2 protein chains.
Amino acid sequence: MLPLQLQAESHIPLYVQLCDQLRALVHAGELRVGDRIPASRELAQHLGVHRTTVANAYAELESEGLIEGHVGRGTFIRANSRSLQIAPPPPSLVPGGAIRWESLFADDRGDDALDRLIRTMPASGISFVVAHPPEELLPVAEMRNCCNTVLHREGARILQLGATDGYPPLRKALLELLRGEGLQAREEHLLITDGCQQSLDLICKAFLRPGDAVILENPTYPGAIAVLAAARARCLGVPVRTETGPGATPGLDLEALEQTLAANRVKLMFLMPDFHNPTGLSMTLAARRKLLEIASRHQVPIIEDHIYARLVARGDRLASLKQLDRTNLVVQIDSFSKMAFPGLRVGWVVAPPNVIERLRVVKQSTDLHTDQLSQAAMAEFTRRGLLVRHVERVRKLCAARLAAVEDALVRHMPSETRWTHPNGGMSIWVELPPGFDANELLVRARECGVVFAPGRYFYVQSPQPNTLRLGFSGLAERQIARGVATLGDILRSELSKRQRGARRFEPSRVALV
Amino acid sequence: MLPLQLQAESHIPLYVQLCDQLRALVHAGELRVGDRIPASRELAQHLGVHRTTVANAYAELESEGLIEGHVGRGTFIRANSRSLQIAPPPPSLVPGGAIRWESLFADDRGDDALDRLIRTMPASGISFVVAHPPEELLPVAEMRNCCNTVLHREGARILQLGATDGYPPLRKALLELLRGEGLQAREEHLLITDGCQQSLDLICKAFLRPGDAVILENPTYPGAIAVLAAARARCLGVPVRTETGPGATPGLDLEALEQTLAANRVKLMFLMPDFHNPTGLSMTLAARRKLLEIASRHQVPIIEDHIYARLVARGDRLASLKQLDRTNLVVQIDSFSKMAFPGLRVGWVVAPPNVIERLRVVKQSTDLHTDQLSQAAMAEFTRRGLLVRHVERVRKLCAARLAAVEDALVRHMPSETRWTHPNGGMSIWVELPPGFDANELLVRARECGVVFAPGRYFYVQSPQPNTLRLGFSGLAERQIARGVATLGDILRSELSKRQRGARRFEPSRVALV
């Protein structure tokens with residue numbers, strides 16, 4: 001067996017360690033072109049790690065071009081490996097026995113393993129991974145026109161240093177938009193940010209000290225877990241119920257929330273009442289009122305993520321927590337990225353004036369202010385009424401795609417599979433039959449050109465390995481049908497194998513490619 | 001005397017407390033239109049605070065339109081006060097006896113008092129406060145053309161979600177630019193950020209835990225102090241020598257640096273070897289080599305702020321620390337904002353690959369990625385060779401303005417005034433005759449339509465109240481001459497008063513407006 005040694009206690013993920021060591025063996029000449037490497041199951045057993053670890057490492061090395069699988073024969077070191085192009089850095093940047101940077105890092109942040117696993121999908125593949133607006137609706141020409149106009153009219157002002165609280169014309173346009181939607185916000189309630197991720201970062205900086213407890217839905221948006229972990233907050237997950245049927249109410253478990261609040265000194269809650277990411281579920285109006293009553297009684301502020309709220313597929317748009325808030329405890333974060341242009345980093349916070357003032361001071365030392373070209377272009381796009389029209393188009397297309405994904409799930413999934421029933425948003429949550437692991441399904445599906453986000457990346461605690469998220473908004477209806485059919489085929493073939501006696505879900509091929 | 005009570009131990013600055021209480025007295029009807037309020041000296045004595053505190057509060061209230069000064073008569077509550085327009089916020093956002101947000105904030109961040117003091121300057125005034133590129137050179141039309149081109153050519157890619165490490169065409173253009181300047185950086189050494197302020201924030205997050213010691217020049221860039229204070233770092237200032245003459249070498253005191261390193265476990269140093277903000281001084285090549293040797297011996301990384309380095313007015317551009325670094329311990333931060341467009345928030349970090357990888361992960365949870373419209377436009381602007389041409393124009397104009405400010409200082413300043421002799425950059429550092437306070441000068445100068453940044457805002461410790469920074473890059477030569485002449489007039493009139501027996505620098509008018 002190969003001379004490999006993994007350190008479970010290291011902050012470097014096991015699969016990254018494995019990649020690094022295999023790569024080193026190739027570079028050292030201990031593994032040569034054409035050499036066969038062990039099957040993932042075999043190597044996992046030998047190293048005492050989970051098979052997914054080895055599968056992830058092999059997927060990574062394959063994407064680097066270092067290894068290659070041949071059906072029925074195994075996995076081999078590849079000829080003309082692209083990774084041999086990795087040359088040592090030039091002298092001025094080479095470590096000269098100098099600083100061990102790793103020893104200086106403030107924490108043991110992990111890498112984004114999911115990102116590595118899906119980064120190398122071919123363009124012809126079907127990706128359910130991201131939840132972003134449909135590419136074909138991006139109003140590029142209109143945006144170009146807006147850019148042109150604002151640079152012509154107010155170019156020097158845009159290109160010069162700006163105010164931390166935002167570009168005035170955008171502030172004005174946004175307040176009008178919000179008032180049109182029924183939120184009575186004023187100048188002193190608004191801060192422009194670089195998007196919801198930055199809003200979360202600013203909120204963490206303004207409120208949290210290491211060890212402070214924060215309540216999150218479980219599962220939740222991974223970017224929230226990441227920024228809270230970086231702030232060294234204690235993350236407490238409150239279950240989101242996905243069961244339907246008699247006696248079960250889907251959505252945030254308010255009883256569990258009460259218990260968590262009673263048992264901990266909680267500083268903040270971060271919640272998504274509308275089309276919750278990843279499950280797609282929304283809170284009813286009654287649940288929102290109850291939630292506000294609980295928060296007020298416990299005196300714990302709510303950070304309301306409002307980013308998906310405009311993407312209603314069925315039924316009415318419900319009042320936001322901020323709109324229902326009578327005790328001034330909601331901080332709402334929102335952005336253009338889901339409804340319009342993810343590449344333009346512009347978002348905002350609506351909150352009580354003293355919170356806005358504090359966030360403004362925090363933002364000043366974080367990045368001075370948000371990019372003004374995008375702010376100005378967005379202001380013009382909003383002012384001309386193009387935003388409202390565009391959101392309506394995105395909303396309709398997402399609704400059609402939600403219907404398509406539900407239809408495909410009904411048609412193709414084996415009967416033991418369950419899923420949520422969102423009334424809008426950009427994603428749906430699937431629970432595979434018990435005993436299935438979404439990471440293993442991903443490895444198989446990737447071979448067939450279909451990828452998705454395994455559920456484990458969304459959990460604060462107690463990850464359910466049989467869950468996954470399908471982001472459907474970026475895919476055409478026929479892609480959705482084909483992608484879901486592929487997943488269904490893999491699952492049904494596994495189920496029938498199981499029924500023939502196999503005990504666990506296992507890919508049939510020796511080599512993982 | 002008025003019923004005022006200030007709390008020295010509060011995190012709210014004293015002058016803000018004073019503003020708030022005076023405003024409250026007006027709203028409560030205890031002070032009415034036409035009422036005379038005490039002279040600042042009198043009120044300061046009564047409250048036991050420094051006179052500048054009262055001066056700042058009065059300046060703030062005047063800018064709000066609540067008070068008004070009449071030469072020789074005093075300061076009065078003003079008729080038709082604009083501040084009476086402040087109405088209570090609408091019901092949905094009113095505190096309902098709910099959360100006391102202030103009690104939830106993570107720290108006692110102060111407000112940016114300087115910002116308040118200078119925010120209300122009339123457009124006809126002369127502001128030496130900011131150091132930014134000359135407004136008249138902003139290449140608005142060229143930028144508009146670049147925007148148009150990139151949105152036409154690659155619009156959908158720009159508007160869709162992007163990569164955390166930056167927009168690929170910009171990465172390519174930047175690496176070429178850097179290599180052209182003699183820095184052998186490669187893909188894995190580069191991260192695109194929202195500018196130097198964000199680069200500092202990411203570095204703080206990646207490296208610092210509360211209590212970690214960081215070395216800064218004293219004085220230094222206030223944005224660095226702010227972000228380090230927010231990270232709860234322990235800031236250690238090492239003096240920058242401003243003396244000239246026999247035996248004195250201007251610039252960072254390397255002996256003091258060695259002592260500070262020997263006496264503390266230092267995690268990082270943040271330094272500006274080129275046209276240091278605020279003094280404008282640069283390190284010699286010999287001093288840079290010595291600094292690197294010291295840092296290497298103590299194994300302490302250097303964060304090199306390279307933002308002003310291209311703005312050479314006299315002599316040669318010197319090799320950066322990053323270029324001289326043989327032991328891989330320099331992280332260089334840089335941006336387009338000083339040389340081109342402050343309003344577009346695009347900067348970058350050049351560092352060893354493992355540092356870049358960590359900063360990338362940190363950036364992902366901070367704001368996902370930098371705005372892509374500005375990145376794409378910048379890439380095009382750089383690729384077309386417009387950036388190099390533009391920087392050359394900015395450099396020449398800044399050089400002419402530096403000469404103008406030096407000339408004006410020689411002509412107008414009283415003989416006891418000293419200043420630094422920068423070879424480039426955007427600011428110059430002035431030391432008033434002993435006993436003068438730059439904050440008091442600011443209050444007087446503001447009345448004459450001239451503002452600048454008092455030196456105290458730049459100090460990590462031991463602030464010298466007689467210092468100030470003149471940012472000259474944004475002013476035409478005749479404005480520079482007029483502004484410096486005004487400062488000289490005020491100082492000389494004060495000096496002659498002193499010589500006639502007055503003991504301290506004191507404005508001659510009773511009311512401060």
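Is A:Asp253 buried or exposed? In this predicted model, A:Asp253 is buried, with a relative accessible area of 14%; the cut-off for buried is under 20%. Its side chain meets that of A:Arg241 in a salt bridge, at 2.8 Å from N to O. A:Arg241 lies in strand S7 (residues 234-241) of chain A, and A:Asp253 lies in the loop between strand S8 (251-252) and helix H9 (254-263), so the pair ties together parts that are twelve residues apart in sequence. A:Arg241 is partly exposed, with a relative accessible area of 32%.

Over all chains, a search of the whole structure finds 67 salt bridges. One of them joins A:Glu187 to A:Arg171, with the closest N and O atoms 2.7 Å apart. A:Glu187 sits in the loop between helix H6 (168-180) and strand S5 (190-193) of chain A, and A:Arg171 sits in helix H6, so this pair links parts 16 residues apart in sequence. A:Glu187 counts as partly exposed at 42% relative accessibility. A:Arg171 counts as buried at 5%.

In chain B, the side chains of B:Lys363 and B:Asp194 meet in a salt bridge at 3.2 Å, N to O. B:Lys363 belongs to helix H12 (residues 353-367), whereas B:Asp194 is in the loop between strand S5 (190-193) and helix H7 (196-207), so the pair ties together parts that are 169 residues apart in sequence. Both partners are buried: B:Lys363 has 0% relative accessibility, and B:Asp194 has 3%. Elsewhere, salt bridges that share partners join A:Arg153, A:Glu154, A:Glu380, A:Arg383 and A:Arg384 into one network.

The two chains were then compared. Chain A can be laid on chain B with an RMSD of 0.1 Å by a turn of 180 degrees and a shift of 0.0 Å along the axis. This is the relation of a two-fold axis. The same surface serves both copies, as 100% of the contact residues of chain A recur in chain B.

At the interface, 93 residues of chain A contact 93 residues of chain B. The chains bury about 8,700 Å² between them, 56% of it on carbon and sulfur atoms. Two salt bridges cross the interface. B:Lys205 forms a salt bridge with A:Asp201, with the closest N and O atoms 2.7 Å apart. Helices of chain A that each supply at least two residues of the side touching chain B include H5 (140-159), H7 (196-207) and H12 (353-367).

The largest nonpolar core holds 72 residues, and A:Leu159 and B:Leu159 are among those that touch the most other members. Contacts of A:Leu159 include A:Leu151, B:Leu138, B:Met143 and B:Phe341, not counting residues up to four places away in sequence.

Note on methods
Residues are numbered from 1 along each chain as its sequence is written. Chains are lettered from A and ligands numbered from 1 in the order in which they are written. This is a predicted model: local features need pLDDT of at least 70, side-chain atom pairs count only at pLDDT 80 or more; totals for chains, interfaces and linings use all residues. Side-chain values use heavy atoms; hydrogens and water are left out. Copies are superposed by least squares on the C-alpha atoms of residues with pLDDT of at least 70 in both. Contact means heavy atoms within 4.5 Å. A nonpolar core is a set of buried Ala, Val, Leu, Ile, Met, Phe, Trp, Tyr and Cys residues joined through side-chain atoms within 4.5 Å. Buried means under 20% relative accessible area, exposed over 50%, partly exposed in between (1.4 Å probe, protein chains only). Buried area is the accessible area (1.4 Å probe) that two parts lose on being put together, summed over both. A salt bridge is a side-chain nitrogen of Lys or Arg within 4 Å of a carboxyl oxygen of Asp or Glu. Helices (H or I, at least four residues) and strands (E, at least two) are DSSP runs, numbered from the N terminus.
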